[in-house]
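Good morning, everyone. Please have a look at the sequence and the model on the screen. Then I will walk you through them.

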Amino acid sequence: MELKFNQLHEILKESEKAAVEAGNIIMNFKTGGFERLEKISGSSLASNTLTNADLYSQKAILKILNPIIVKFDLGLLAEESLDDNSRLIKDYFFAIDPLDGTKSFIEKDYGFAVSIALVSREGYPIIGVVYNPVNKNLYTSIKGHRLFRNGLELKKTPSLGNKKIIVDPGNKLNPVNGFEYVQYGGAVVNAISV
């Protein structure tokens, strides 16, 4: 089944609500304290890092998106849940990272965000929603359409200067002539920064 634009728009709007709600929960934990938990899922400190903010934000996202998942028969791949492999059989699935940049969050840095995508079974991103709760920037797009930040269209402008390499704050790299290293945080915040 191919989703029509009005259906994608409905999914986008619910994804936006879910991302903002999750971001608000994350910020409440940031100011009110959080509990660090452990998960065994990867080979790096970043992939094994988990807080109760991750879990509560994912719970809020799924509460909002579950009716959409049922309505449009979507699969789900959420970072803090077991993979049920629905992404392999459904035409589309949500890929959710409720707190991308948990390491930055724990270190009281600003490089974290909520990331929600609708992806085709073939692996093509169809909808993207990223919410940075620190600066309240909400980035949204539907494939083949415009990119928005807080409801305003972002225009692509070529840059001839500003040679920058965006790196994770923990990376120690040797400087390269003519390039400035910029350290942000999690993968999504880094990608948006580009």
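**Salt bridges, sheet and core**

A word on what you are looking at. This is a predicted model, where local features need pLDDT of at least 70, side-chain atom pairs count only at pLDDT 80 or more, and totals for chains, interfaces and linings use all residues. Residues are numbered from 1 along each chain as its sequence is written, and side-chain values use heavy atoms, with hydrogens and water left out.

Back to aspartate 73. Which residue does aspartate 73 form a salt bridge with? The partner is lysine 90, and the closest N and O atoms are 2.4 Å apart. A salt bridge here is a side-chain nitrogen of Lys or Arg within 4 Å of a carboxyl oxygen of Asp or Glu. This pair links distant parts of the chain, 17 residues apart. Aspartate 73 sits in the loop between H3 and S3, and lysine 90 in the loop between S3 and S4. About those labels: helices (H or I, at least four residues) and strands (E, at least two) are DSSP runs, numbered from the N terminus.

The structure holds seven salt bridges. Here are two others. Arginine 87 and aspartate 83 meet through their side chains at 2.5 Å, N to O. Arginine 87 is partly exposed at 23%, and aspartate 83 is partly exposed at 33%. Next, arginine 121 and aspartate 91 form a salt bridge at 3.1 Å, N to O. Arginine 121 lies in the loop between S5 and S6, and aspartate 91 in the loop between S3 and S4, so this pair ties together parts that are 30 residues apart in sequence. Arginine 121 has 36% relative accessibility, and aspartate 91 has 29%. Both count as partly exposed.

Now the overall picture. The protein has five helices and eleven strands. Of its 194 residues, 42% are buried.

On to the sheet. In what order do the seven strands run? The order is S3-S4-S5-S6-S7-S8-S9, in an open sheet with mixed pairing. Two strands pair if DSSP finds at least two bridges between them. S3 and strand S9 (152-153) stand at the edges, each with a single partner strand, so one side of each has no neighbour in the sheet. In general, strands of a sheet pair through backbone hydrogen bonds, either parallel or antiparallel. S4 and S5 take the antiparallel sense, over seven bridges. Look for alanine 95: its bridge partner is alanine 117 in S5.

Helix H3 lies across S3, S4 and S5. H3 runs at about 155 degrees to S4. Axes are lines fitted to C-alpha atoms, for helices over the stretch in contact, and angles run from 0 to 180 degrees between N-to-C directions.

Pick out isoleucine 61, in helix H3. Is isoleucine 61 buried or exposed? Isoleucine 61 counts as buried because its relative accessibility is 0%. Leaving aside neighbours within four places in sequence, isoleucine 61 is in contact with Ala18, Ala22, Ile96, Pro98, Val114 and Ile116. Contact means heavy atoms within 4.5 Å.

That brings me to the core. The largest nonpolar core has 37 residues. Such a core is a set of buried Ala, Val, Leu, Ile, Met, Phe, Trp, Tyr and Cys residues joined through side-chain atoms within 4.5 Å. Among the residues with the most contacts inside this core are Ile11, Phe94 and Leu118. Helix H1 (5-32) gives the largest share, nine residues. A second, separate core has five residues, including Val130 and Tyr139.

Last stop: backbone angles. Most residues other than glycine have a negative phi. Asparagine 85 has a positive phi of about 65 degrees, although it is not a glycine. Asparagine 85 sits in the loop between S3 and S4 and is partly exposed at 38%. Lysine 136 also has a positive phi, near 60 degrees. Lysine 136 is in the loop between S6 and S7, and at 52% relative accessibility this residue counts as exposed.

That is my tour. Thank you.

Notes:
Buried < 20%, exposed > 50% of the residue type's maximum accessible area, 1.4 Å probe, protein only.
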